[in-house]
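Subject: the structure, and what turned up in it

Hi,

Here is the structure for you to open on your side.

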Amino acid sequence: MMFEVGRTYRITTSDHDGQGYYSAKILEVELPLVKVERPGSYEIINTSSPCFVSAMPDDHQARDAAQAAADEWIKSFEGE
């Protein structure tokens, strides 16, 4: 997995209570460790930990790309 410093990601983690997620800005990357900023705090995430599930871009660029892909998929069914 590649992280882009300065970009916001939706981080999904898992523990004994189930899965949870939050948005965080990537500050520094030294894989497998990633330093992120959350409102009011900083956190180091170990991406090789079994508690780390995934990280997906969570910014306007990612949302625009997802919307464009969804629109294209819907158009593929038109005219059938």
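I'll start with charges: a salt bridge here is a side-chain nitrogen of Lys or Arg within 4 Å of a carboxyl oxygen of Asp or Glu. By that rule the count comes to four salt bridges. One of them brings together the side chains of Glu43 and Arg38, at 3.0 Å from N to O.

Two housekeeping points. This is a predicted model, where local features need pLDDT of at least 70 and side-chain atom pairs count only at pLDDT 80 or more, while totals for chains, interfaces and linings use all residues. Residues are numbered from 1 along each chain as its sequence is written, and side-chain values use heavy atoms, with hydrogens and water left out.

For accessibility, buried means under 20% relative accessible area, exposed means over 50%, and partly exposed is in between (1.4 Å probe, protein chains only). Glu43 is partly exposed at 25%, and Arg38 is partly exposed at 29%.

Next, Arg63 and Asp58: their side chains also meet in a salt bridge, again given as 3.0 Å from N to O. Arg63 counts as partly exposed, with 44% relative accessibility, and Asp58 counts as partly exposed with 22%. Elsewhere, salt bridges that share partners tie Glu4, Arg7 and Asp59 into one network.

What does that network look like up close? Glu4 forms a salt bridge with Arg7, with the closest N and O atoms 3.7 Å apart. Glu4 counts as partly exposed at 43% relative accessibility, whereas Arg7 counts as buried at 13%. Asp59 counts as buried too, at 16%. The side chains of Asp59 and Arg7 are joined by a polar contact of 2.7 Å. (A polar contact is a pair of N or O atoms within 3.5 Å; within protein, one must be able to donate a hydrogen and the other to accept it, and residues adjacent in sequence count only if both atoms are side-chain atoms.) Leaving aside neighbours within four places in sequence, Asp59 is in contact (heavy atoms within 4.5 Å) with Arg7 and Thr8.

Asp59 sits in the loop between β5 (52-57) and α1. Helices (H or I, at least four residues) and strands (E, at least two) are DSSP runs numbered from the N terminus.

Helix α1 covers residues 60-75 and includes Ile74. Ile74 is partly exposed, at 46%, and together with Trp73 and Phe77 makes a nonpolar surface patch of about 360 Å². Patches are made of residues with over 30% relative accessible area and no salt bridge; like charges are joined within 9 Å, and nonpolar side chains (Val, Leu, Ile, Met, Phe, Trp, Tyr) within 5 Å. Areas come from the Shrake-Rupley method with a 1.4 Å probe, and for residues only the protein chains shown count as cover.

Finally, the overall picture. The C-alpha atoms fill a box of roughly 50 × 30 × 25 Å along the principal axes. Buried residues make up 19% of the 80 residues. The protein chain exposes about 5,900 Å², and carbon and sulfur atoms supply 53% of that. Of the contacts with a separation of 6 or more, 36% are between residues 24 or more positions apart.

Cheers
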